[in-house]
Amino acid sequence: MSESHVARSHAPKLGAAVVTVTALVGVLVSLGVSVAVVAGIAQVARSAAEQLTATEVGPVDHATVNESMEILTGKMDGHPGWPRYTHTSWTVREGQTVVLRITSYDDGTAPLTGAQTMYDRVQGTLGGTETVDGKPVSSLPNADVAHTFTVVGLGLNLGIPAAPTGGSVTVVARFVARRPGTFVWQCYAPCGSGPNSMGGAMSTMGWMEGTVRVLP
Ligand SMILES: [Cu+2]
């Protein structure tokens with residue numbers, strides 16, 4: 001059962017509570033209880049209702065949340081030939097604007113091949129762009145691609161270019177998680193080992209794949 005369903009199913013109860021308080025206030029006033037005391041009771045009832053709402057429905061979304069990932073080289077993570085994303089699993093709320101910052105230290109390229117060349121285009125972000133070291137782009141030259149951050153279930157695709165040797169490159173993108181669920185993200189650039197460079201890090205959870213959880 002989704003949380004929004006929980007919230008909805010509690011709404012009538014909350015409404016009933018407010019009606020009850022209003023009725024009670026009317027009775028107390030007619031009994032001659034001071035207006036100040038009645039106002040106090042109403043205030044307590046209201047803040048209890050607000051607390052209930054805050055606990056059960058959760059914070060109102062449309063807020064902006066920040067998520068930061070890094071891409072380490074195989075040398076940096078102790079597994080030569082195995083580049084790795086950090087912070088591979090994270091959770092946001094449906095409707096939140098996510099500012100995703102990916103800093104890569106990997107200077108190797110892994111140009112996309114075949115049908116996967118479509119992943120050199122930025123997709124699913126606000127404005128259809130990402131920034132690369134502050135410069136907005138809507139796609140990357142395929143030869144520059146080192147990794148992608150691709151969440152098929154959310155229609156999101158970011159390209160990560162190779163970093164300058166000994167330095168880093170930072171990609172920032174904004175997107176709204178519009179569907180609740182748990183979505184696997186993957187890198188689609190052939191940055192792994194073995195046949196077609198699709199083994200090793202490319203096929204290992206916590207290296208070039210992970211999950212994005214979107215709470216309803
Ligand atoms: Cu990769």
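The model is predicted: local features need pLDDT of at least 70, side-chain atom pairs count only at pLDDT 80 or more, and totals for chains, interfaces and linings use all residues. Residue numbers start from 1 along each chain as its sequence is written.

**Overall architecture**

- The protein contains three helices and eleven strands, where helices (H or I, at least four residues) and strands (E, at least two) are DSSP runs numbered from the N terminus.
- Read from the N terminus, the order of elements is α-α-β-α-β-β-β-β-β-β-β-β-β-β.
- The protein has 216 residues, of which 25% count as buried; a residue is buried if 20 or more other C-beta atoms lie within 10 Å of its own, exposed if 12 or fewer, and partly exposed in between, with C-beta atoms placed from the backbone.
- Among contacts (C-beta atoms, placed from the backbone, within 7 Å) between residues at least 6 apart in sequence, 69% join residues at least 24 apart.

**Pairing of strand S1**

- Strand S1 (residues 64-72) pairs with strand S4 (residues 97-104) in the parallel sense over eight bridges; pairing requires that DSSP finds at least two bridges between two strands.
- Within this pairing, glutamate 67 is opposite leucine 100 of S4.
- S1 also pairs with strand S2 (residues 84-85), in the antiparallel sense and over two bridges.
- Isoleucine 71 has tyrosine 85 in S2 as its bridge partner.

**Glycine 194**

- Glycine 194 is located in the loop between strand S10 (181-186) and strand S11 (209-215).
- Glycine 194 counts as exposed because it has 11 C-beta neighbours inside 10 Å.
- Leaving aside residues up to four places away in sequence, glycine 194 touches Gly199 and Gly200.

Technical notes. Two residues are in contact if their C-beta atoms, placed from the backbone, lie within 7 Å.
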